[in-house]
Amino acid sequence: MNAQMVRSMISAEFLKLRRRRALFWWSLVLTSGVVIAAYTTMLILHASDAVKYGPAGGLSNYGDLVQALTAFCGVASIMIGATAGGGDLGAGVFRDMASTGRSRFSLFLVRVPGALLLQLPLVLGAFALATIGAFAFAAGTPTPDAGLVVHYGVWLLAGAILDLVLGIALASLIGSRATTVGILLAWEAIAVHILAHLSFLGGVRDVLNSTALDQLRPGGGQEILSMPLAAAVVVLIGWVVVALAAGAWRTHTIDA
Amino acid sequence: MNTSSSPLVVDMRGVTKRFGDRTVLDDVELRVPRGCAFGFLGPNGAGKTTLIRVLLGLLPVSAGEMTLLGHPLPAERSLALARVGAIVEEPRFHPHLTGRENLAAAAAPRGIEAEGRIDAVIARVGLAGRAGDRVGSYSMGMRQRLGIARCLLVDPELLILDEPMNGLDPAGILEMRGLIRDFVDEGRTVLLSSHLLDEVERTCDGVAIIDRGRIVTQGTLAEAVGAGDNAILVGSDDPALAAALLTAHPAVIAVSTGADGSIRVTLTEGASAAVINRALVERGIAVHRLEPDRLSLEERFLELTSRLGAA
């Protein structure tokens with residue numbers, strides 16, 4: 001399989017995703033839409049009562065906004081990932097793809113860059129809007145420096161990419177988009193927070209994706225559990241590797 | 001169209017497939033010659049689709065050996081499948097994509113040459129006017145045609161079509177029949193599974209019948225249909241005398257008279273109708289009908305699959 005074919009297969013995965021209008025528009029709403037809605041609200045509040053409500057931009061609001069954006073981008077990433085992972089199976093097209101004789105590993109792996117092509121512009125676009133707003137609407141209040149912006153960007157991207165990979169892998173594993181979205185939202189929104197607070201689990205909690213990811217957050221890693229940054233990176237890489245391996249294994253072994 | 005040199009496009013020897021304790025394919029011996037339309041017949045649940053899935057490498061076999069276009073499977077599966085177009089069960093597509101986009105997505109894992117054939121195959125199946133519409137709005141007949149177009153992306157030596165007439169109206173069936181014969185005329189081989197016996201009889205040159213996971217007969221259509229007893233139907237101006245005369249003839253095994261006065265004569269192996277004709281004419285009986293009593297494919301199918309008895 002040459003590079004040109006790999007590019008074609010990635011483009012095909014991207015095509016399948018970007019032509020899903022509902023997925024695209026909801027993902028846009030959950031990324032840039034959230035930023036626009038947040039700034040619009042803060043601008044209106046500031047305009048209505050400048051004493052009570054500070055400027056929409058600035059350092060403080062920026063941190064809060066990116067933190068909220070991380071959650072919403074996670075939802076969008078899970079949706080995109082689940083669609084990329086379960087789309088062919090759900091449509092019944094996987095059988096045809098498998099009967100081309102092409103390696104099933106390659107059929108699985110091209111889903112990742114194909115999904116990233118849709119996800120990354122949405123996430124980075126939303127982050128860019130949030131950052132621009134932080135400066136544009138600062139009204140003389142302190143603004144984030146370049147290092148902090150990069151730090152927030154890395155944290156946001158790491159979480160979004162991890163959620164995307166988990167979505168692709170789990171949907172490939174169980175073959176259902178809706179179930180994948182449900183499971184991962186329940187995991188991210190409820191389960192990891194409960195598990196992180198169960199002190200009897202001890203060091204086991206260090207392998208939670210949310211715990212590791214929290215170490216990457218600017219000023220993070222202090223609230224519940226603390227671990228070295230390198231260990232957090234290893235844990236996150238472990239999640240990606242294990243997820244991809246599980247998805248690839250299932251794609252390879254599933255009866256088509 | 002470039003072709004490989006193997007005289008058989010499919011050669012299965014002792015192929016068995018089990019799901020747990022259930023044997024779905026049982027010691028299948030199937031040989032499909034190159035350059036023909038080959039029908040693969042069987043009642044529902046006989047194992048037709050499983051056999052196709054095994055052939056395409058979608059399911060691993062439990063035992064046996066097979067080659068596809070001369071390539072041993074599964075060792076050279078990707079080489080073999082590079083020249084095979086297949087529709088298994090019904091053609092499925094992404095409903096949110098247009099016909100052309102679906103073909104583009106299907107062409108990607110098939111290679112650059114496949115991408116270059118998209119416009120040609122759309123035109124070939126008569127979908128040029130609807131290729132820009134979402135597949136979700138297509139009729140079953142249009143999906144079948146788009147499925148054929150997807151098969152043609154690889155310029156296939158072998159097309160495997162699972163129940164290709166399903167869901168088609170009479171015009172669609174006629175069109176599909178024409179397409180299949182055109183493919184054969186181009187030197188391709190078409191292996192089609194069906195439970196529509198009449199369709200197979202009209203379309204195919206060769207046939208295999210599968211029942212309960214076993215191939216019960218295979219060969220040319222004439223071989224498969226005529227594999228019963230050696231019988232002829234005789235019409236004469238004196239059926240009673242003719243029947244009496246033929247009963248005593250050494251080349252005759254059995255004689256029965258039909259309600260219309262025709263006589264069904266079962267001959268010994270190798271005996272010809274000419275012997276019977278001569279015997280009757282020499283006794284002054286005028287013969288106005290003398291024809292082989294061949295089973296229709298349907299009768300042969302029912303005979304072999306024992307479905308009449310089961311019903």
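**Notes on the predicted two-chain model**

1. Of the 311 residues in chain B, 42% are buried.

2. Next, the cores. The largest nonpolar core holds 88 residues, and those touching the most other members are B:L55, B:A149, B:I160, B:V190, B:L191 and B:V207. B:L55 is a handy one to click on: leaving aside residues up to four places away in sequence, B:L55 touches B:V10, B:M66, B:L68 and B:I160. There is also a second, separate core of 57 residues, which includes A:A84, A:L118, A:A130 and A:L164.

3. In chain A, have a look at helix 7 (residues 146-174) and helix 10 (residues 229-253). Their axes come within 8 Å and cross at roughly 25°. That angle is under 35 degrees, so helix 7 and helix 10 of chain A count as roughly parallel to each other. Their crossing is left-handed.

4. Which residues of the two helices make this contact? From helix 7 of chain A come A:A158, A:L162, A:V165, A:L166, A:I168, A:A169, A:S172 and A:L173. Helix 10 of chain A brings A:L236, A:W239, A:V240, A:A243, A:L244, A:A246, A:G247, A:R250 and A:T251. Sorted by class, the contact has 13 nonpolar, three polar and one charged residues.

5. Now to where the chains meet: 24 residues of chain A are in contact with 26 residues of chain B. On the chain A side, the elements giving two or more residues are helix 1 (3-18) and helix 4 (94-98). Helix 1 of chain A gives the most, with eight residues. By class, this side of chain A has ten nonpolar, seven polar and seven charged residues.

6. A stretch of chain B deserves a backbone check. B:L69 lies in the loop between strand 4 (63-68) and strand 5 of chain B. Its phi is near 55°, a positive value in a residue other than glycine. B:L69 counts as buried because it has 25 C-beta neighbours inside 10 Å. Further along, the peptide bond from B:L73 to B:P74 is cis, with omega near 5°. B:P74 sits in the loop between strand 5 (71-73) and helix 2 (77-81) of chain B.

7. B:E163 also has a positive phi, of about 50°, although it is not a glycine. You will find B:E163 in the loop between strand 7 (158-162) and helix 7 (170-185) of chain B. Is B:E163 buried or partly exposed? With 19 other C-beta atoms within 10 Å, B:E163 is partly exposed, since a buried residue needs 20 or more.

8. Last, B:P239, which is in helix 10 (residues 239-247) of chain B. B:P239 has 17 C-beta neighbours inside 10 Å and so counts as partly exposed. Not counting residues up to four places away in sequence, B:P239 touches B:T257, B:G261 and B:I263. As for its distance from B:L41, 198 residues apart along the chain, the two C-alpha atoms are separated by 38 Å.

Terms used
Residues are numbered from 1 along each chain as its sequence is written. Chains are lettered from A and ligands numbered from 1 in the order in which they are written. This is a predicted model: local features need pLDDT of at least 70, side-chain atom pairs count only at pLDDT 80 or more; totals for chains, interfaces and linings use all residues. A nonpolar core is a set of buried Ala, Val, Leu, Ile, Met, Phe, Trp, Tyr and Cys residues joined through C-beta atoms within 7 Å. A residue is buried if 20 or more other C-beta atoms lie within 10 Å of its own, exposed if 12 or fewer, and partly exposed in between; C-beta atoms are placed from the backbone. Two residues are in contact if their C-beta atoms, placed from the backbone, lie within 7 Å. Axes are lines fitted to C-alpha atoms, for helices over the stretch in contact, and angles run from 0 to 180 degrees between N-to-C directions. Helices (H or I, at least four residues) and strands (E, at least two) are DSSP runs, numbered from the N terminus. Angles under 35 degrees count as roughly parallel, over 145 as roughly antiparallel, 65 to 115 as roughly perpendicular and the rest as oblique. A crossing is left-handed if the near helix is turned anticlockwise from the far one by less than a right angle, and right-handed if clockwise. Ala, Val, Leu, Ile, Met, Phe, Trp, Tyr, Cys and Pro count as nonpolar, Asp, Glu, Lys and Arg as charged, and the others, Gly among them, as polar.
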